[in-house]
Amino acid sequence: MKWGAFSFGRMFNRIAQGHRLKKEDQTSGDLPFVMAGITNTGVVNYVSNLIERFPANSITVDIFGNTFYRDYVFGAGDDTGVYWSTEKHYSKAVMLFLAAAMRKSLEGQFDYGKKLRSSQSLNLKMMLPVKNGEPDFAFIEKFIPEFMRQLVTGVEHEHVEKVNAYLAVTGLKDCTLTAEEQKAVDDYTHVVRMDRTKLEAFRLETLFGMATRGKRLKSADRIPGSLPFVTAGEKEEGVSAFIGNDVTVFPENTTTIDMFGSAKYRNYAYGADDHVAVVHTENLPKNAAIFVTAAIHKASYTGKFDYGRNFYAKDADDLVISLPVKDGEPNYDFMALLIAAIQKLVIKDVILFAERRIAAYRKAICS
């Protein structure tokens with residue numbers, strides 16, 4: 001394939017700059033309003049203001065060189081240039097290719113110190129495939145649909161691989177509920193909504209013995225290693241470092257509660273600092289322990305605990321949680337079955353969501 005350089009001014013006979021429309025002056029409507037940026041492809045609002053409407057099948061280039069193809073009518077701010085042609089009828093495939101070529105040619109050249117204005121871009125050049133010295137539109141028309149099909153195929157393949165890998169890791173063959181799992185979901189829904197008498201209150205210390213408190217280990221004293229070290233906070237689920245220090249190692253299948261009352265299930269061995277209490281659920285089936293962790297979090301993460309009033313191991317011992325029962329005792333088999341069903345339902349929803357996104361993606365780029 002031979003390539004040639006073509007100026008923006010040669011490819012488009014219409015090049016215009018948008019007009020300023022302050023945020024406080026924008027009135028709600030259905031017209032996409034484009035400004036500089038890449039979030040949501042630069043669409044910052046939908047307005048009804050009486051502003052210039054740029055045609056579908058246009059390309060926008062903002063002051064930083066961010067380039068997007070638009071297949072809809074839109075308005076634009078004064079930080080965005082619009083490129084289209086009324087002399088040549090460019091197909092969607094050609095315009096997508098031109099947008100990519102323009103983006104490539106502008107990459108890294110513009111920023112706040114050097115902004116791009118459409119009036120200054122007429123002589124900027126993009127590289128295009130050529131035939132007999134002219135842009136080879138016939139090649140582009142064939143190339144873009146095939147490229148898009150391969151792109152969608154790649155996305156679908158990646159999705160399938162990720163789903164299969166997750167099912168393998170979790171030991172699931174599929175996301176179909178068994179009759180027993182469906183009954184567990186139905187029964188628990190009934191319990192929560194209609195008949196709370198099947199839930200009973202239990203004190204944590206009675207169920208799992210006294211909670212254990214971690215020990216302080218300053219950041220400066222931590223030696224790099226492979227043991228997850230849990231501290232208070234939500235970031236990375238509280239794992240602040242991986243250490244090689246000689247510390248108490250808490251077993252997997254246990255629950256941590258940090259100083260704010262946030263409970264998390266741990267399926268791995270770990271160390272913990274003095275702002276973390278460990279509830280010893282390790283003798284429960286995994287899914288039952290996950291259910292118990294959720295019940296603990298519901299009881300402990302209520303806003304009662306903060307920097308001024310920390311949650312400690314003694315608070316864990318006194319914590320009262322509600323659990324499904326059978327013959328007056330916690331029904332751990334039912335809890336495990338319910339969590340297994342919920343896991344399948346969540347995975348199924350993720351799969352369906354991804355499939356809808358892929359279908360929309362296919363429709364958008366292959367139509």
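Tyr 72 is partly exposed, with 26% of relative accessible area. That value, like every other one here, comes from a predicted model.

The model has 15 aromatic pairs by the rule applied. One of them joins Tyr 72 to Phe 74 in an edge-to-face arrangement, with 6.2 Å from centre to centre and 75° between the planes. Burial separates the two partners: Phe 74 has a relative accessible area of 0% and is buried, whereas Tyr 72 is partly exposed.

Phe 97 and Phe 143 make another edge-to-face pair, with their centres 6.0 Å apart and an angle of 80° between the planes. Phe 97 belongs to helix 2 (residues 92-106) and Phe 143 to helix 3 (residues 137-170), so this contact ties together parts that are 46 residues apart in sequence. Phe 97 has a relative accessibility of 9% and therefore counts as buried, because the limit for that class is under 20%. Phe 143, at 34%, counts as partly exposed. Aromatic residues also gather in a cluster, which consists of Phe 8, Phe 12, Tyr 83, Tyr 90 and Phe 137.

Helix 2 can be followed beyond Phe 97. Its 15 residues should span 21 Å at 1.5 Å a residue, and the C-alpha atoms at its ends are 21 Å apart, which agrees. The buried residues of helix 2 are Ala 93, Val 94, Met 95, Phe 97, Leu 98, Ala 99, Ala 101, Met 102, Ser 105 and Leu 106. In an α-helix there are 3.6 residues a turn, so residues three or four places apart point the same way. That spacing can be looked for in pairs from the list, including Phe 97 and Ala 101, or Leu 98 and Met 102. After helix 2 comes Gly 108, with a positive phi near 75°.

The next element is an open sheet of 3 strands, ordered 1-9-10 and paired in the antiparallel sense. Strand 1 (3-7) and strand 10 (134-135) are its edges, each pairing on one side only. Pairing within a sheet is made through backbone hydrogen bonds, either parallel or antiparallel. Between strand 1 and strand 9, the antiparallel pairing runs over 5 bridges. Within that pairing, Ala 5 is opposite Met 127 of strand 9.

Together with Met 1 and Trp 3 it makes a nonpolar surface patch of about 350 Å². Met 127 is partly exposed at a relative accessible area of 44%, so it passes the cut-off of over 30% for patch residues.

Most residues other than glycine have a negative phi. Asn 132 is not a glycine, yet its phi is positive, at about 55°. This residue sits in the loop between strand 9 and strand 10, and at 76% relative accessibility it counts as exposed. Asn 253 also has a positive phi without being a glycine, at about 65°. Its loop runs between strand 14 (239-243) and strand 15 (254-258). Asn 253 is buried, with a relative accessible area of 8%.

Key. Residues are numbered from 1 along each chain as its sequence is written. This is a predicted model: local features need pLDDT of at least 70, side-chain atom pairs count only at pLDDT 80 or more; totals for chains, interfaces and linings use all residues. Side-chain values use heavy atoms; hydrogens and water are left out. Patches are made of residues with over 30% relative accessible area and no salt bridge: like charges are joined within 9 Å, nonpolar side chains (Val, Leu, Ile, Met, Phe, Trp, Tyr) within 5 Å. Accessible areas come from the Shrake-Rupley method with a 1.4 Å probe; for residues, only the protein chains shown count as cover. A salt bridge is a side-chain nitrogen of Lys or Arg within 4 Å of a carboxyl oxygen of Asp or Glu. Buried means under 20% relative accessible area, exposed over 50%, partly exposed in between (1.4 Å probe, protein chains only). Rings of Phe, Tyr and Trp (its six-membered ring) pair if their centres lie within 6.5 Å; planes under 30 degrees apart count as stacked, over 60 as edge-to-face and the rest as tilted. Helices (H or I, at least four residues) and strands (E, at least two) are DSSP runs, numbered from the N terminus. Two strands pair if DSSP finds at least two bridges between them. The expected span of a helix is 1.5 Å times one less than its number of residues.
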